[in-house]
Amino acid sequence: MALLEVRGVSKRFGGVQAVKDVSLRVEQGTVKGLIGPNGAGKTTLFDLVSGFRAPDGGEILFRDRRIEGRPPHESAALGMSRTFQNLKVFPHMTAQENVMVGRHVRSRSGFVAGMLHTPRSRREERAIAAAALEAMDFVGIAGLASVPAGSLSYGQQRGVELARALAAEPALLLLDEPAAGLNMRETADLARLIGRIRERGVTVLVVEHDMSLVMGVSDEVAVLCFGEKIADAPPRAVQENPDVVRVYLGE
Amino acid sequence: MRLSRAAQVGLFAAAVVAAQLLSSAAGKAFFLTQLTMSAYYTLAVLGLSLLMGYAGQISLGQAGFFAIGGYTSALLTTLDLSPQRGHPLVAALVRLHLAVPRPDLYGGEVLSVSPWAACVAAVLLGAAVAVSLGVPVLRLRGHYLAMATLAFGTIVSSVAVGTQALGAADGLSGVPPFVLFPGLRVGGGAADRVQNYYLAWGLVALAMLLLLNLIHSRTGRALGAIHGAEDAARAMGVDTGALKLGTFVLAAVTATVAGVLLTHYNAGIGPSEAGVMKSVRYVAIVAVGGMGSLWGTLSASAVLNFLSLRGYFGAYDDAVFGGILVLVMLFFPDGILAADVRALVARLAPRRAPGGEA
């Protein structure tokens with residue numbers, strides 16, 4: 001059974017058909033790459049899956065539940081976590097506090113418990129802090145815990161976003177162009193990290209420009225072009241697909 | 001660069017005691033009356049500070065909630081139910097001790113709702129109004145939210161002025177003291193002045209403690225996340241709509257409670273408390289104190305409300321607060337107190353290692 005299944009999803013912006021009748025499956029425990037030239041509809045499809053936009057038609061199933069058009073926080077509660085292409089850290093919070101927000105779906109304390117500082121909420125708070133540190137350690141940024149996120153470098157902020165998404169212990173991790181702005185060495189580190197995330201049993205859907213990254217880490221790669229899916233296969237087969245070579249790798 | 005929370009509370013307690021001792025020593029114990037009133041306004045402003053500085057929402061309706069609290073309490077505790085003593089509902093209230101007899105001015109006896117029951121009713125009403133206003137209105141942002149809450153404030157204000165049962169332009173008076181528990185009551189008698197001063201600022205300290213706890217909790221972190229990057233907060237599972245509504249209701253409830261207490265302290269309430277300029281004043285005080293700074297808001301509120309209540313701004317009272325708001329927005333968008341304290345501390349103190357408790 002696929003963890004995520006997209007069935008015939010479409011989205012139109014005015015006269016532009018951004019996504020046209022796209023279907024896609026992401027199997028449990030795999031890494032799926034989603035590539036395509038600029039304007040292919042990758043980001044739109046990503047937004048539809050993560051709940052930031054509602055499709056005009058089609059269905060999106062996550063863990064066998066229909067989630068299309070549902071707000072992002074509901075999908076997050078079901079076990080979906082994401083990063084952002086143009087980084088969205090919480091600049092005035094420390095790196096660790098940023099990652100602690102990732103534990104939101106794994107904790108309960110509300111207004112009253114927070115105000116009364118109940119023993120239960122204190123225990124929970126300690127568990128949140130520990131889990132956040134663990135996620136930061138996994139990503140390799142534990143040393144930055146007390147630094148305000150806004151003053152971190154670009155690559156470090158990417159790390160914070162990743163740790164924040166992982167702190168939620170998601171079933172599905174959505175990565176939106178995670179290599180954007182990274183140099184070659186950082187990209188290679190990222191590829192290893194995605195491999196380790198996969199080993200943890202987290203399913204990954206990665207939208208990416210960087211071909212070497214996607215081809216290296218993905219079990220399957222789907223290719224979008226002008227809103228339509230033109231290929232969906234293991235990396236090697238996709239690289240040899242003449243349509244893909246023509247539209248994506250360029251003449 | 002910041003003091004520990006215990007040191008902050010200690011400093012605050014010291015300032016409260018110092019103000020009382022100084023005004024007694026200077027033979028101006030009557031200052032305590034205005035300082036006590038200032039404390040109750042501070043309560044309303046602290047809620048607004050949470051809403052504006054931490055949830056990033058503006059409300060020009062805070063005085064409306066203050067008035068809902070004050071008028072509900074005043075109406076219920078002054079309404080004489082003794083003619084309806086036979087009514088089953090009134091009889092039930094009496095049996096449950098929710099309605100209590102007390103002597104009136106002319107030696108007779110009136111039967112009215114007990115202040116505790118009235119306070120609970122006021123808070124429930126304030127919260128219910130906040131929910132029913134917040135659900136549609138919090139979809140709006142920026143100017144639109146400001147206008148919608150302003151409209152709410154205007155409605156409350158005109159209802160207060162236009163309703164005979166609420167005393168119209170005169171408001172309601174003769175509100176009895178609020179006996180919190182035996183020996184401790186919110187009321188304006190000169191004998192109770194010192195006690196009431198400490199009671200009021202003690203309640204402010206309590207509210208401060210609850211709000212500080214909140215902003216350092218999971219919920220507070222989620223509020224900061226909404227403020228920092230709303231999309232990322234949503235993606236991490238934060239139900240931004242529910243959280244904004246919760247904060248709006250909490251801010252409304254602090255104003256409602258403040259209205260109840262000040263009404264008992266003043267033994268009455270008038271329509272000026274519901275006025276839109278009061279809401280503007282609260283927003284101006286939060287702006288002076290600094291967005292996202294509860295201590296800054298508290299200091300600004302204590303000083304500005306005291307000066308205003310002592311009449312230092314004369315006939316230009318409202319103009320002063322309007323002017324303050326304009327100047328702060330133009331020159332100190334982070335708050336005057338925030339700017340000064342940070343600059344001062346940075347100059348005087350050596351930099352501490354990061355990771356200090358906020």
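1. A crossing of two helices is called left-handed if the near helix is turned anticlockwise from the far one by less than a right angle, and right-handed if clockwise. By this convention α3(B) and α10(B) make a right-handed crossing.

2. The model is predicted: local features need pLDDT of at least 70 and side-chain atom pairs count only at pLDDT 80 or more, while totals for chains, interfaces and linings use all residues. Residues are numbered from 1 along each chain as its sequence is written, and chains are lettered from A and ligands numbered from 1 in the order in which they are written.

3. Chain B contains 14 helices and six strands (DSSP runs numbered from the N terminus: helices are H or I of at least four residues, strands are E of at least two). Its radius of gyration, taken over C-alpha atoms, is 21 Å, close to the 21 Å that the globule rule (2.2 Å times the number of residues to the power 0.38) gives for 358 residues, so chain B is as compact as a globular protein of that length. The C-alpha trace of chain B spans about 70 × 55 × 40 Å along its principal axes.

4. In chain B, 47% of the 358 residues are buried (20 or more other C-beta atoms within 10 Å of the residue's own; exposed means 12 or fewer, and partly exposed in between, with C-beta atoms placed from the backbone).

5. Helices α3 (residues 62-78) and α10 (residues 240-266) of chain B have axes that come within 7 Å and cross at roughly 45°. Axes here are lines fitted to C-alpha atoms over the stretch in contact, with angles from 0 to 180 degrees between N-to-C directions.

6. Among the residues of α3(B) that meet α10(B) are Phe65(B), Phe66(B) and Ile68(B); the α10(B) side includes Val257(B), Val260(B) and Leu262(B). Contact requires C-beta atoms, placed from the backbone, within 7 Å. The residues of this contact divide into twelve nonpolar, eight polar and no charged (nonpolar: Ala, Val, Leu, Ile, Met, Phe, Trp, Tyr, Cys and Pro; charged: Asp, Glu, Lys and Arg; polar: the others, Gly among them).

7. Glu177(A), with phi near 45°, lies in the loop between β7 (172-176) and α7 (184-199) of chain A, and counts as buried because it has 20 C-beta neighbours inside 10 Å. Ala168(B) also has a positive phi, of about 45°; its place is the loop between α6 (142-162) and β3 (172-173) of chain B. Ala168(B) counts as partly exposed, with 13 C-beta neighbours inside 10 Å.

Definitions and conventions. Contact = placed C-beta atoms within 7 Å.
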